[in-house]
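Subject: Structure for your review

Dear colleague,

Please find below the structure that I promised to pass on to you. My notes on it follow directly after.

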Amino acid sequence: MSGAFLYIAGASATALFYALVASGFFLASLATRHFCFAAASAFVLAPYIALGLGSTALGAVVAVLAAAAVGSLYCLASTYLAKHGAREGQLLIVSIAAMIVVENMLVLSFGNVSITLQRDFVATLWPHTIAAVVVVLLLWAWRATIAGKLSRALLDSPLNLALRGVPVARVEIGLAMAGFALLAVGGLLWASDGRVKPSMCLEIGLIGAVAFIVGKMFGARLVAVMLAAIGLAGARVALSYFVEGDWSMTAVALLLLAALTLRRDDRSTMALRS
Amino acid sequence: MSAYAIYLVVLALQLAMLAQASDALGGHGGRVGVSSVLFATFGGYGYAFATVVAGVDPATAILLTTLGALAIGVPLGLLLLRLREDDYLLGTLAAQLGAVELINNLPLLGGPLGIRNVPGFASSLWGGLLVVVLAAAIGGYVLFRMLGRPNRLRESLHWLRDDAPSAFAAGISQRAVWMRVVAAQVAISAAVGMSIVIVQGYASPTTFGLSLSIAFLTAIYLGGTGASPLAMYLGAALLVALGEFVRSLDLPASWIGPFQQIVMASLLIAVLALRGRGLMGPKIEVGPSASRLE
């Protein structure tokens, strides 16, 4: 009984972290107008920065701020490329390449070994509680604050927002910063609860992609993306409970394929033909 | 010619062939993706399984693997093409990583250790060279006939890419065009996969990972996406030369791999930022193929 309870508790914690990670990708991708794999670099970079600064709360704050700064730079670069004719597919390739650069720079600096933040850091910050608080705060900000309303308006129609005199570029940079910062928080909490290593970038990116695409199928809203992430966490935990071996990436990849295939889009040439 | 020089030639040819096979759909068909690595995985593992586990001789194994890859790869490739244009890259990436993870978990295919002691022809290096040169000669000729000069198939593919509704209205069959391109892509990629496995002497899940995808995407964008298939040889040769330059630097052994990855990914970003169509890629204007075909 206690084993099952521990399993459910572990699954709930995983679901919270996934919701946080998926929200970060959602905001960063909304800002950059393509699925932003590069944001995964904030997830792995932040724990290493915090570790370099002695695993203190101050180190964590610096790591989150650094991730936000990287997010703003990435958003500027992606806007520049889009203005110069880069298509969504090319931006996606740039995003994956940027993620690979960061991942390998970390491998060069620290080796591809797992790290965990020290126990006093964990005791101070309570990763699961903090993840829950951040998720609730994010939902509240999305619903009730001016920044949230601007973000939702950007999601509906950037053109409409621009016609109302809102500086769309600034909103996008703010969103990218928030997305990268959320992923940095996710990375810090993940490293406090378990282990993080540079090669996790792709796995985290795929988790974000599944939640992003499944979420978009159900209304393209933050809550939908969070729920999709929670569902994905549940599916992975259930899979690991019933099946032997490490099938986690297969499950994520298959879910991504299924989501992409089921997604309805009028721009599909096949749809046009039929 | 030293064995190492032959190895570099084989490497450049492998990358060029993967780039050609992918750019047929990416640059010419408007569907940039990494499905070639998936089909190369089918080829590599199919050959290793046939020779080592089933005990088939190498020549028969190549024939059987090519036919098997076509039987599985063409329907799968057409299914993936149902994804919308911007989702295609994500979808093929998911399929590639899913397949690698699947192989990683199947004891029949050796799991994480892969299949060892894969036989080739004469020495493994010469066997790999033979397969990749044959694939380059036959596949390159077929692709050049299809896409290297103006013809009905190329114009139809470009028309579908540039303006699908008007192409449908003109009676162009998207399925027929795509099927021919996908069949060529699958056969060439499977041959490259076999060549990789023969040169290495083993089939391993890590061989067909993300780094291979990034390598041939860099070769495509360096050579010129949508250009003549011959441009991919330039991109692949430059990439291999760059890798060798990094290797020649006086770096610790454990740094070379990650450093090569950083250089390659940075180069890909730089090419996409500064010259999106690559060194020899054409400027694409709206609707030129349609007017030419009409």
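Of the 274 residues of chain A, 52% count as buried, where buried means under 20% relative accessible area, exposed over 50% and partly exposed in between (1.4 Å probe, protein chains only). Please note that this is a predicted model, in which local features need pLDDT of at least 70 and side-chain atom pairs count only at pLDDT 80 or more, while totals for chains, interfaces and linings use all residues. Residues are numbered from 1 along each chain as its sequence is written, chains are lettered from A and ligands numbered from 1 in the order in which they are written, and side-chain values use heavy atoms, with hydrogens and water left out.

The fold of chain A

Chain A contains 13 helices and 0 strands; helices (H or I, at least four residues) and strands (E, at least two) are DSSP runs, numbered from the N terminus. Among the contacts in chain A with a separation of 6 or more, 79% join residues 24 or more positions apart, a contact being heavy atoms within 4.5 Å.

T32(A) belongs to helix 1 (residues 2-32) of chain A. T32(A) has a relative accessible area of 4% and is therefore buried. Leaving aside residues up to four places away in sequence, T32(A) touches Y74(A), C75(A) and S78(A).

Helix 2 (residues 40-52) of chain A has 13 residues and spans 19 Å from its first C-alpha to its last, close to the 18 Å expected at 1.5 Å a residue (1.5 Å times one less than the number of residues). Its buried residues include F43(A), V44(A), P47(A) and Y48(A). Just after helix 2 of chain A, G54(A) adopts a positive phi of about 85°.

The interface of chain A and chain B

How many residues of chain A are in contact with chain B? The number is 42, and they meet 44 residues of chain B. The two chains bury about 4,000 Å² between them, 73% of it on carbon and sulfur atoms; this is the accessible area (1.4 Å probe) lost on putting the two parts together, summed over both.

Helix 4 (88-110), helix 10 (201-217), helix 12 (248-262) and helix 13 (269-273) of chain A each supply at least two residues of the side that touches chain B. Helix 4 of chain A gives the most, with 16 residues.

The count between chain A and chain B is 0 salt bridges, each defined as a side-chain nitrogen of Lys or Arg within 4 Å of a carboxyl oxygen of Asp or Glu.

Yours sincerely
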